[in-house]
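Try each task before you read its solution.

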Amino acid sequence: MPDVSAPTLHVHADLEQLSRACAERWGALCSEAIAQRGAFHVALAGGSTPRRLYALLAGDEFSPHTDWGRVHVYFGDERSVPPNHPDSNYRMAREQLLAHVPVPEDQIHPIMAAPDSIEQDAASYARTLRCNAPLGPDGTPHLDLMLLGVGPDGHTASLFPDTPILEEKAKLVAAVYVERLQTWRVSMTFPVLNRARHLLFQVAGNEKAEVIGRLFGPQDDRPPLPVQRLRPEGSAEWHVDRAAAARVQP
Ligand code: 6PG
């Protein structure tokens, strides 16, 4: 995919239909990975949009179709809060999904991100990726699926505009201070996102209409948004609700 404005855009009536479609795609991608490689290595997205997807995956309708014993769970990014903090991406995933499905504990890899050890925590997670995820010939993790969201400013994971992490080409995981949020984050970097076999974006709500309209509209000479700087080596798909697609030209 030359850039993120090229891939297929799936527009759904609302968040529920969006989440159900993504649960179906999870099932297909998971089954394919397990059939071909014996495992499914997936990085979960944070924020609020994926909550419903995770709850659906844990529910009776979808959970039986995932071979949870072969699933390995990572996180694309994490806030600099304890794992039981209301803002923790890990806590949300644990509450909505991981506490309800039989993924072996040693196959769940949360990111530790404490403000007073943030650089060490980022380096530690890079080691976690290297020790647990399948690696490509250059030693970069080769995840089967990355679930991602997009912020109104075009960030994805914690690759925020005007931050040094956007230029990180060597580290797999880095710490980033986000001035606008006045907080530290730990995030996978572009090398890891680009190497994933498949990227699946979930975007919902009218506050995302401007960014989705820009991503899927005529390209102009404005500097690219972080999400537009992705150069996926695999495939990507976008699932949005009607509200987020409101400014996409038919
Ligand atoms: C995070 C996410 C971030 C998120 C977007 C969209 O930690 O917040 O990793 O990249 O996906 O900000 O968030 P919403 O789904 O809450 O709109």
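**Exercise 1.** Find polar contacts of the ligand (pairs of N or O atoms within 3.5 Å).

*Solution.* Start with lysine 208: one of its polar side-chain atoms is 2.6 Å from an oxygen atom of the ligand. Next, take arginine 185, where a polar side-chain atom lies 3.3 Å from a ligand oxygen atom. Then turn to the backbone: a polar backbone atom of alanine 157 is 2.6 Å from an oxygen atom of the ligand. Finally, look at the cover: of the 410 Å² of accessible area that the ligand has on its own, the protein covers 89% (Shrake-Rupley method, 1.4 Å probe).

A word on the model: it is predicted, so local features need pLDDT of at least 70 and side-chain atom pairs pLDDT 80 or more, while totals for chains, interfaces and linings use all residues. Residues are numbered from 1 along each chain as its sequence is written, and side-chain values use heavy atoms, without hydrogens and water.

**Exercise 2.** Describe the shell of residues around the ligand.

*Solution.* First, count: 14 residues surround the ligand, with a heavy atom within 4 Å as the criterion. Thr49, Asp77, His155, Ala157 and Lys208 are the closest. Now sort the shell by class: 2 residues are nonpolar, 8 polar and 4 charged, with Gly counted as polar.

**Exercise 3.** Which residues lie nearest the centre of the largest pocket, and which elements line it?

*Solution.* Begin with the centre: 35 residues line the largest pocket, and Gly46, Gly47, Ser48, Arg79 and Asn89 lie nearest its centre. Strand E4 (77–79), helix H3 (89–96) and strand E5 (145–148) each give two or more residues to this lining. H3 contributes the most, with 4 residues. By class, the lining has 11 nonpolar, 13 polar and 11 charged residues.

Terms used:
Polar contact = N/O pair within 3.5 Å; in protein donor to acceptor, adjacent residues only side chain to side chain. 1 Å grid on protein atoms, 1.4 Å probe; cavity = no way out; pocket = protein on both sides within 12 Å on 5 of 7 lines; lining within 4 Å.
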